[in-house]
Number of protein chains: 2
Amino acid sequence: MPQIKDIGEIGLIKRITRPPKDKAILVGIGDDAAVVQTKEGFQVLTTDCLVEGDHFRNDWFTPEQIGMKAIEINVSDVAAMGGRPTYALVSLVLPNNLQIDFFDRIYDGMWKACERNSLEIIGGNMAHGNLLVISITLIGEIEGNNYTLRKGAQPGDSLFVSGSLGNGRAGLRAYQHNLQGFDKTKKNYVEPKARLAYALNIAPYAHAMIDISDGLASEIRHICSPSHLGAHLFLDKIPINDEVREIARILGENEYDYVLYGGEDFEVLYAVPEENVQHAKGIFIGKLISNPEIKLIHDDKEEEIKRSGYDHFSNDF
Amino acid sequence: MPQIKDIGEIGLIKRITRPPKDKAILVGIGDDAAVVQTKEGFQVLTTDCLVEGDHFRNDWFTPEQIGMKAIEINVSDVAAMGGRPTYALVSLVLPNNLQIDFFDRIYDGMWKACERNSLEIIGGNMAHGNLLVISITLIGEIEGNNYTLRKGAQPGDSLFVSGSLGNGRAGLRAYQHNLQGFDKTKKNYVEPKARLAYALNIAPYAHAMIDISDGLASEIRHICSPSHLGAHLFLDKIPINDEVREIARILGENEYDYVLYGGEDFEVLYAVPEENVQHAKGIFIGKLISNPEIKLIHDDKEEEIKRSGYDHFSNDF
């Protein structure tokens, strides 16, 4: 009988998706966040969690960093919708032997990230369990009707990213291999910051937007698939830090694998039409095309990207 | 250094509570759900989770029942605020070896409970972990300004409950001791139903309301403490099913311990002023008094209730 790991995240999402009945549900399961219409505008809602051993290790992260990351990954999802987070609910599973000081410091980290992003924790729940799990739900609002979905992209749109990629995976690899130095990349990994202000600025001009939490290959596919489009990605335009290149070199790995199939970069990827390109402050990395194939272009060579991104159920953390 | 189990849930909640800054936050951490003011009214938000081994066991619950319970316990929290749930977000931690059929049936159960309570799942998240955790966030709305808090009770208010108590603990004990029969009580335990319609009817007439998820002693305290009140509970008014009494008798336990210190009954407890008593369709169990002590009254004897209810961190499930 098939198990979760045989089907993967995408397969599971397909199984649970039902068309919304309530017409106020503009976006349901399958985007970075849900969007519902209210009398006063649009509300955005999302949930994401951190699991001990899968998303963090206590020897790499301080408790404050665990708390901050739990909030920031959710802010990133709200930001990718063009939303501004307002309230957070925190559902915790806590082992009995967790030290109170550790618990307090997780909360300090959560509040710190809330303050940075101008939101407040308004409720939550605590339960016992043998594994520390921090599940966060964020509620946010959208100004005007500037919400940005995965769908909405058009052929000819230019693709931009808000910053350098591959940091998340490179930071993880640096910790896994106990590499000395690479402080900037390691810090990016343990203290990611959602690109909230950036995303809010570009939202009115973008046809589609997504945060890069599961690797560029996967996120490009999420932008292309709903509109039956393809993309040309220009390899030498993809921004990669020197530290990331150096980590890949030392470990005999490919930095573009970090970018394409890694995860946890928390930059945003967005598609803008020609007339709005002057508003895009990010790094141009490619174009959307009508032909539904995603190609990586390097010098005169083309390579089709077939693999998807990070799969939460095939994780060798 | 102190650990979670040394402090307990109440101690933890005290540590994390901060006064809200945003004036739209009418109720923050510390009630059954949060309430925020919107331009169009009041929104209610809550989160609660089920943890494998702590809240359910796969040999007692069918996957559908796990899914239903995950939704119903949250609906119960929204109902206790006088709210009507509209949307759910589902955050899952899934072991790799979980069978797809089991996963599908959990979702079937969640949707079934959603349909029963007229709400929809609009989003969620899936992560890998070695323990099955189902964390649900519900959003709901409040009609007019009929939200019912834990605080708000007045001396002289009558206390009512919506139905018989002790079922949750008695059902658990029946499963733990492998008792044959007691089908009604067992079913109440594995398939609790939130008292949504009931709570919505009484909300306009109640000074305070709470759901009885952690045992009557604890919930009475939550109603009394914010208003610095006490209560007289009349032992022989407390509704207890024959099956529950029989289970207690067989196991040599006290059925009033099930009621007072058990949990998972999911009835509502509410306080109504004299002039609204004719609207209370429930069972009268006591009165609120100015003197801040909670007494159980039986014949001519009085007994002060000192112990609190179910503590999630001292669970011997």
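Predicted model: local features only at pLDDT ≥ 70, side-chain atom pairs only at ≥ 80, totals over all residues.
User: Which residues line the largest cavity?

Analyst: The lining of the largest cavity consists of Thr47(A), Leu89(A), Ser91(A), Ser135(A), Ile136(A) and Thr137(A), together with Thr47(B), Ser91(B), Ser135(B), Ile136(B) and Thr137(B). A cavity is a set of points, on a 1 Å grid over the protein atoms alone, where a 1.4 Å probe fits but cannot get out, and lining residues have an atom within 4 Å of a point. Strands S4 (83-94) and S6 (133-142) of chain A and strand S6 (133-142) of chain B are the elements that give two or more residues to this lining. Helices (H or I, at least four residues) and strands (E, at least two) are DSSP runs numbered from the N terminus.

User: How many cavities of 30 Å³ or more does a search of the whole structure find, and how much space lies in the largest cavity?

Analyst: A volume is the space filled by probe spheres set on the grid points, which are joined across faces, edges and corners. The search of the whole structure gives 1 cavity of 30 Å³ or more, and the largest cavity holds about 30 Å³ of space.

User: How do the residues of that lining divide into nonpolar, polar and charged?

Analyst: Nonpolar covers Ala, Val, Leu, Ile, Met, Phe, Trp, Tyr, Cys and Pro, charged covers Asp, Glu, Lys and Arg, and the others, Gly among them, are polar. The lining of the largest cavity has 3 nonpolar residues, 8 polar ones and no charged ones.

User: Is Ser91(B) buried or exposed, and which side chain does a polar contact join to that of Ser91(B)?

Analyst: Buried means under 20% relative accessible area, exposed over 50%, and partly exposed in between (1.4 Å probe, protein chains only). Ser91(B) belongs to strand S4 (residues 83-94) of chain B and is buried at 2% relative accessibility. A polar contact is a pair of N or O atoms within 3.5 Å; within protein, one must be able to donate a hydrogen and the other to accept it, and residues adjacent in sequence count only if both atoms are side-chain atoms. Here the side chains of Ser91(B) and Ser135(A) are joined by a polar contact of 2.8 Å.

User: Where does Gln65(A) lie?

Analyst: Gln65(A) lies in helix H2 (residues 63-80) of chain A and, at 11% relative accessibility, is buried. A polar atom of the Gln65(A) side chain is 2.9 Å from the backbone nitrogen of Thr62(A).

User: How many aromatic pairs does the structure hold?

Analyst: Rings of Phe, Tyr and Trp (its six-membered ring) pair if their centres lie within 6.5 Å; planes under 30 degrees apart count as stacked, over 60 as edge-to-face and the rest as tilted. Over all chains there are 18 aromatic pairs. Phe103(A) and Tyr107(A) have ring centres 5.4 Å apart and planes at 45°, so this pair is tilted. These two residues are 4 residues apart in helix H3 (residues 100-116) of chain A, so about one helical turn separates them. Both Phe103(A) and Tyr107(A) are buried. The pair of Tyr175(B) and Tyr189(B) is also tilted, because the ring centres are 6.0 Å apart and the planes stand at 45°. That pair links distant parts of the chain, with Tyr175(B) in helix H4 (residues 167-176) and Tyr189(B) in helix H5 (residues 183-190) of chain B, 14 residues apart. Tyr189(B) is buried, at a relative accessible area of 2%.

User: Which residues do ring pairs link into a cluster?

Analyst: The cluster linked by ring pairs holds Phe160(A), Tyr198(A), Phe234(A), Tyr270(A) and Phe284(A).

User: Which ring does the charged end of Lys69(B) sit over?

Analyst: A charge sits over a ring if NZ of Lys or CZ of Arg is within 6 Å of the ring centre and within 35 degrees of the ring normal. The charged end of Lys69(B) sits over the ring of Tyr189(B), 4.5 Å from its centre. In chain A, the charged end of Lys186(A) sits over the ring of Tyr175(A), 5.6 Å from the ring centre.

User: What is the phi of Phe182(B), and what is that of Phe266(B)?

Analyst: Phe182(B), although not a glycine, has a positive phi of about 55°. Phe182(B) is in the loop between H4 and H5 of chain B and is buried, with a relative accessible area of 15%. Phe266(B), also a residue other than glycine, has a positive phi near 60°. Its place is the loop between helix H9 (255-261) and strand S10 (268-272) of chain B, and Phe266(B) is buried at a relative accessible area of 5%.

Technical notes. Residues numbered from 1 in each chain as written. Chains lettered and ligands numbered in written order. Heavy atoms only, no water. 1 Å grid on protein atoms, 1.4 Å probe; cavity = no way out; pocket = protein on both sides within 12 Å on 5 of 7 lines; lining within 4 Å.
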